[in-house]
Amino acid sequence: MQAADPYLAMMRGALLPTAAVGGLALAVAAVLEGTGAGTGVLVGTALGAALVVVFFGLTLTVMRAARNVAPEMSLGVALALYSTKVAVLGAAVLGLRDESWLSPTALAVTAMACAVAWLVGQVRGLARARLPIGGAAR
């Protein structure tokens, strides 16, 4: 019998609350967009939620793939992934900063709310699974 996967437990635990928060944010954005509160609110909200799901999901996926490397290599993999994500997000922010079709406030608020939901769900998912995250002792 194969042991349960802590990374999948964290992914399952994180996706549901993030989807709920993102869906709620999209509903609020649709109402705001309909009332003329600003342009690009819906697009900014959708982009903020998508960025969180893609980037946080990518972290769990890469760390799951790297779980069998030597423990001293895990930190290098995590730092390389983090540096790449920061560079890509920085380029996206610089590229989108002057776009009129995007509400940066909606993007930022949604991204922060979804990030909190993801992190809480991730911790809760792992805690409920009661699985060790570390590798086997050598």
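**Figure 1. Contact between helices α2 and α4.** On the α2 side, V41, G44, T45, L47, G48, A49, V52, V53, F56, G57 and L60 meet A106, L107, T110, A111, C114, A115, W118, L119 and Q122 of α4. Sorted by class, this contact of α2 with α4 has 14 nonpolar and 6 polar residues, and no charged residues. The crossing of α2 with α4 is right-handed. As in every view here, the coordinates come from a predicted model.

**Figure 2. The protein as a whole.** The predicted model has 4 helices and 0 strands, which follow one another along the sequence in the pattern α-α-α-α. Taken along the principal axes, the box filled by the C-alpha atoms is roughly 60 × 30 × 20 Å. The protein has 138 residues, and buried residues make up 29% of them. Of the contacts between residues at least 6 apart in sequence, 79% join residues at least 24 apart.

**Figure 3. Contact between helices α1 and α4.** Helix α1 and helix α4 (residues 104-129) cross at roughly 145°, and their axes come within 7 Å. This crossing is right-handed. From α1, the contact is made by P6, A9, M10, M11, G13, A14, L15, P17, T18, V21, G22 and A25; from α4, by T110, A113, C114, A117, W118, G121, Q122, G125, L126 and A129. The contact of α1 with α4 has 15 nonpolar residues, 7 polar residues and no charged residues.

**Figure 4. The largest nonpolar core.** This core has 13 residues. Y7, M10, M11, V52, L60, C114 and W118 are those with the most contacts inside it. The elements that give two or more residues to the core are α1, α2 (41-65) and α4. The most come from α4, which gives 5 residues.

**Figure 5. Surroundings of W118.** Residues up to four places away in sequence are not counted in this view. W118 touches M11, A14, L15 and T18, and also V52, V53, F56, G57 and L60. W118 is listed in the contact of α4 with α1 and in the contact of α4 with α2. In the largest nonpolar core, W118 is one of the residues with the most contacts.

**Figure 6. Q122 in helix α4.** Q122 is placed in helix α4. Its relative accessibility is 18%, so Q122 counts as buried, the cut-off being under 20%. With neighbours within four places in sequence left aside, Q122 is in contact with M10, G13, A14 and L60. Among these partners, M10 and L60 are also residues with the most contacts inside the largest nonpolar core.

**Figure 7. The salt bridges of D5.** The structure holds 3 salt bridges, and D5 takes part in one with R64 and in another with R67. In the pair of D5 and R64, the closest N and O atoms are 2.2 Å apart. This pair links distant parts of the chain, with D5 in the segment before α1 and R64 in helix α2, 59 residues apart. Between D5 and R67, the closest N and O atoms are 3.1 Å apart. Here too the partners are in distant parts of the chain: R67 is in the loop between α2 and α3 (71-96), 62 residues from D5. D5 is buried because its relative accessible area is 12%. R64 counts as partly exposed, at 32% relative accessibility, and R67 counts as partly exposed at 38%.

**Figure 8. The salt bridge of R97 and D98.** The side chains of R97 and D98 meet in a salt bridge, at 3.8 Å from N to O. R97 has a relative accessibility of 57% and therefore counts as exposed. D98 also counts as exposed, at 68%. Elsewhere in the model, salt bridges that share partners join D5, R64 and R67 into one network.

**Figure 9. V28 in helix α1.** V28 lies in helix α1, which covers residues 6-34. V28 counts as partly exposed because its relative accessibility is 44%. From C-alpha to C-alpha, V28 and V41 are 9.4 Å apart in space, and they are 13 residues apart in sequence. V41 is also among the α2 residues that meet α4.

Definitions and conventions: Residues are numbered from 1 along each chain as its sequence is written. This is a predicted model: local features need pLDDT of at least 70, side-chain atom pairs count only at pLDDT 80 or more; totals for chains, interfaces and linings use all residues. Side-chain values use heavy atoms; hydrogens and water are left out. Buried means under 20% relative accessible area, exposed over 50%, partly exposed in between (1.4 Å probe, protein chains only). Axes are lines fitted to C-alpha atoms, for helices over the stretch in contact, and angles run from 0 to 180 degrees between N-to-C directions. A crossing is left-handed if the near helix is turned anticlockwise from the far one by less than a right angle, and right-handed if clockwise. Contact means heavy atoms within 4.5 Å. Ala, Val, Leu, Ile, Met, Phe, Trp, Tyr, Cys and Pro count as nonpolar, Asp, Glu, Lys and Arg as charged, and the others, Gly among them, as polar. A nonpolar core is a set of buried Ala, Val, Leu, Ile, Met, Phe, Trp, Tyr and Cys residues joined through side-chain atoms within 4.5 Å. A salt bridge is a side-chain nitrogen of Lys or Arg within 4 Å of a carboxyl oxygen of Asp or Glu.
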